[in-house]
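Subject: The structure for you to look through

Dear colleague,

Please find the structure below, followed by some notes on what was found in it.

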Amino acid sequence: MCPACGGPLIVVEFEGVEVDHCCACHGLWFDAGELDVLVSLGGGDAERLRAALAATPTERSGRRCLRCGRRLQTVAVGDAPSVQVERCRVGHGFWLDAGELDRVALAATGGAGTPEGRAVAAFLAELFRYRVGDSTKG
Amino acid sequence: MWEAIESNRRRSRVLIVLMGVVLVTLGALIGATVGAAVGTATPEHEYTYPPRRAPVPRGVSPPQQGVFAALAADPGARAGAGWGALAAGAVCLLLWGLAVGRGESVLLSAANARRIEKSDAPQLWNVVEEMTIAAGLPRMPAVYIIDDAALNAFAVGYRPERAAVAVTSGLLKRLDRDELQGVVAHEIGHIRNADARFMTLAAVMMGTIALLAELFLRGLRHVGRGRRSSSRGGGQAAAILLLITIVFAILAPLAAQLLYFSCSRRREYLADASAARFTRYPAALASALEKIERQAQPAEMYKALAPLLIVNPLSGGLTGLWSTHPPTRERIRILRSMGDAGFAAYERAYRQTTGRRACIGARTLAAADTAPLREPPPRPVAEDAAQRARQVGELLDRVGNFVVIGCACGVRLKLPPGDRQTQVTCPRCGRTHAVPAAEALAIPAAAAAAVAPRQKAPPPMRYRRRGGGWESFKCGCGNPLQVGPAFSAPALRCSKCGARIEVVPPGAA
Ligand SMILES: [Zn+2]
Ligand SMILES: [Zn+2]
Ligand SMILES: [Zn+2]
Ligand SMILES: [Zn+2]
């Protein structure tokens with residue numbers, strides 16, 4: 001069940017990377033390591049992404065980890081503007097709300113100003129481009 | 001072989017008894033601490049808070065007398081210790097019964113292992129079959145797979161006829177057939193050498209010690225918050241007792257693991273020697289060990305056993321079976337320097353590498369035959385790791401009972417077993433897919449009337465196959481079902497509701 005809205009989750013597999021996808025709110029759950037692989041597939045720097053995602057948490061989220069049920073913690077990834085993603089305390093993975101994925105990728109690859117940043121963001125946006133009722137895309 | 005197994009068996013008994021002592025001591029200490037706390041807080045079973053009077057202790061005891069002073073001074077602690085020890089003893093017996101009765105299934109379900117059949121993973125199945133024959137086991141162990149990226153494997157089974165071999169999906173993905181055979185041979189070696197029985201018992205005991213210690217320490221945190229200020233007159237002896245119990249609760253799980261490892265070393269070498277003998281290709285096990293050692297991931301295995309242990313008191317844990325103990329480098333070097341595949345060759349290589357001797361008993365060596373090494377098979381030109389990964393992924397979907405829908409845009413959508421949606425939209429391309437399901441067959445009115453009195457019978461259904469490969473679909477009751485490439489029967493029965501489902505081959509009218 002979706003940690004954000006309680007909707008049904010399905011697993012979406014692309015090139016061996018598995019992502020849990022909420023059919024209702026289109027949020028995404030990445031198990032530890034899966035996001036790295038996805039970003040590297042798009043030509044991004046997985047090291048840099050890992051470093052960005054390892055930021056110190058700002059607060060406890062009300063949502064719970066898909067794997068262990070512990071409360072997730074919120075971390076701000078990137079700067080100006082940063083993206084709030086939610087992370088499992090013991091490292092099971094990350095929850096991204098709809099529309100956060102490409103912004104995380106941008107923050108982790110040097111921003112929209114760099115060609116590789118744009119490439120990764122475009123790759124990920126293409127991968128999850130169809131979002132019914134996505135608030136960020138209208 | 002037998003003298004080595006015999007001496008291992010003796011050591012195992014000592015070890016299990018020692019672990020039992022640790023467990024009973026832990027139980028007694030926790031019992032005493034709880035007894036002392038309860039005795040202090042509520043004399044005569046009246047709950048008064050804060051306590052009306054502090055019954056203990058009269059004389060202040062020097063710290064070094066610790067437990068005994070506390071026990072002497074506090075009747076509550078004394079009774080608690082007795083009850084605690086008794087309870088721990090009972091738990092010990094219960095565990096032994098559990099391990100004997102169904103230890104393997106407890107461990108396997110704690111590790112989230114799923115049993116597979118031959119059609120699920122033919123290669124793994126064949127390898128286990130071959131090694132069973134090579135080892136001369138009376139019957140083939142059950143084969144389990146664990147969805148875990150870490151490279152790992154273990155064997156369990158208190159009785160040989162209930163033995164099982166479990167491997168992780170990571171192992172299947174990363175090892176080639178020969179390496180997999182080496183690892184399976186090692187595990188079969190454990191079963192053959194009667195290690196699996198000991199390992200099962202020890203794992204269950206280690207789990208309980210960790211569980212008990214964790215429960216105590218966790219409980220303490222809660223209690224500590226509640227009654228910090230009320231410990232007026234609680235007694236120095238009781239405080240010392242508490243301290244000792246805390247220290248013991250922290251050390252006991254470590255002690256259990258050290259005990260375990262002190263005994264597992266020889267077993268690992270012996271299982272390696274057995275694997276070399278069974279496969280006649282020790283270099284394959286060596287290269288498998290290299291891959292296992294190289295993996296960067298932390299000990300996922302232990303996390304998998306978390307339901308049994310609740311927390312991971314030591315990162316290493318049961319993974320030590322494979323990766324930490326004895327030193328993997330040493331094992332690799334021994335395997336690589338074997339002249340032939342016999343026990344004598346292993347013993348020679350062992351002495352050469354470690355400088356120690358007598359890994360395998362002298363009588364065994366005298367009776368041991370030599371066996372020529374197998375020629376390394378010609379390497380496939382380009383081993384298709386990606387294809388292997390895909391096959392393992394599909395295997396996991398099958399054993400996980402996912403209903404899988406391949407979308408034309410290249411992604412695969414997988415519905416978990418409990419999912420109730422009848423259609424899903426692909427998040428990439430927006431195509432909407434109907435979830436494959438068996439359709440209800442229209443029953444002629446007359447037949448329906450005849451059937452009507454037996455209302456319990458589920459209606460017959462029909463499923464049209466889409467292709468010739470593995471396919472998953474839902475029964476009308478929602479239960480996910482699968483048909484494989486080899487499926488040729490006209491119908492199957494739902495494992496949940498028992499409905500008969502007609503299976504129509506692809507292309508048939
Ligand atoms: Zn949702
Ligand atoms: Zn978690
Ligand atoms: Zn699609
Ligand atoms: Zn059914």
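What is the arrangement of the four donor atoms at the site of the zinc ion (ligand 1)? The site is tetrahedral, with angles of 105 to 117 degrees among the four donor atoms; four donors count as tetrahedral if all angles lie between 85 and 135 degrees.

Before going on, please note that this is a predicted model, in which local features need pLDDT of at least 70 and side-chain atom pairs count only at pLDDT 80 or more, while totals for chains, interfaces and linings use all residues. Residues are numbered from 1 along each chain as its sequence is written, chains are lettered from A and ligands numbered from 1 in the order in which they are written, and side-chain values use heavy atoms, with hydrogens and water left out.

The zinc ion (ligand 1) is held by the SG atoms of A:Cys2, A:Cys5, A:Cys22 and A:Cys25, at 2.2 to 2.3 Å, where donors are N, O and S atoms within 2.8 Å of the metal (3.2 Å for Na, K and Ca). Along the chain, these donors follow the spacing C-x2-C-x16-C-x2-C. Both A:Cys2 and A:Cys22 are buried, a word that stands for under 20% relative accessible area, as against exposed for over 50% and partly exposed for values in between (1.4 Å probe, protein chains only).

In chain B, the zinc ion (ligand 4) is coordinated by the SG atoms of B:Cys475, B:Cys477, B:Cys494 and B:Cys497, at 2.2 to 2.3 Å. This arrangement is tetrahedral because the four donor atoms subtend angles of 103 to 114 degrees around the zinc ion (ligand 4), and the spacing of its donors is C-x1-C-x16-C-x2-C. B:Cys475 counts as buried because its relative accessible area is 3%, whereas B:Cys497, at 28%, counts as partly exposed.

The two chains also meet: 19 residues of chain B are in contact (heavy atoms within 4.5 Å) with 16 residues of chain A. The area buried between them, meaning the accessible area (1.4 Å probe) that two parts lose on being put together, summed over both, is about 1,500 Å², and carbon and sulfur atoms give 53% of it. On the side of chain B, 45% of the area buried against chain A is supplied by B:Lys414, B:Pro427 and B:Arg428, more than by any other three residues.

Between chain B and chain A there are three salt bridges, each being a side-chain nitrogen of Lys or Arg within 4 Å of a carboxyl oxygen of Asp or Glu. The side chains of B:Lys414 and A:Glu18 meet in a salt bridge, at 2.4 Å from N to O.

Note on methods. Tetrahedral: all angles 85-135°; square planar, octahedral: opposite > 155°, others 65-115°.
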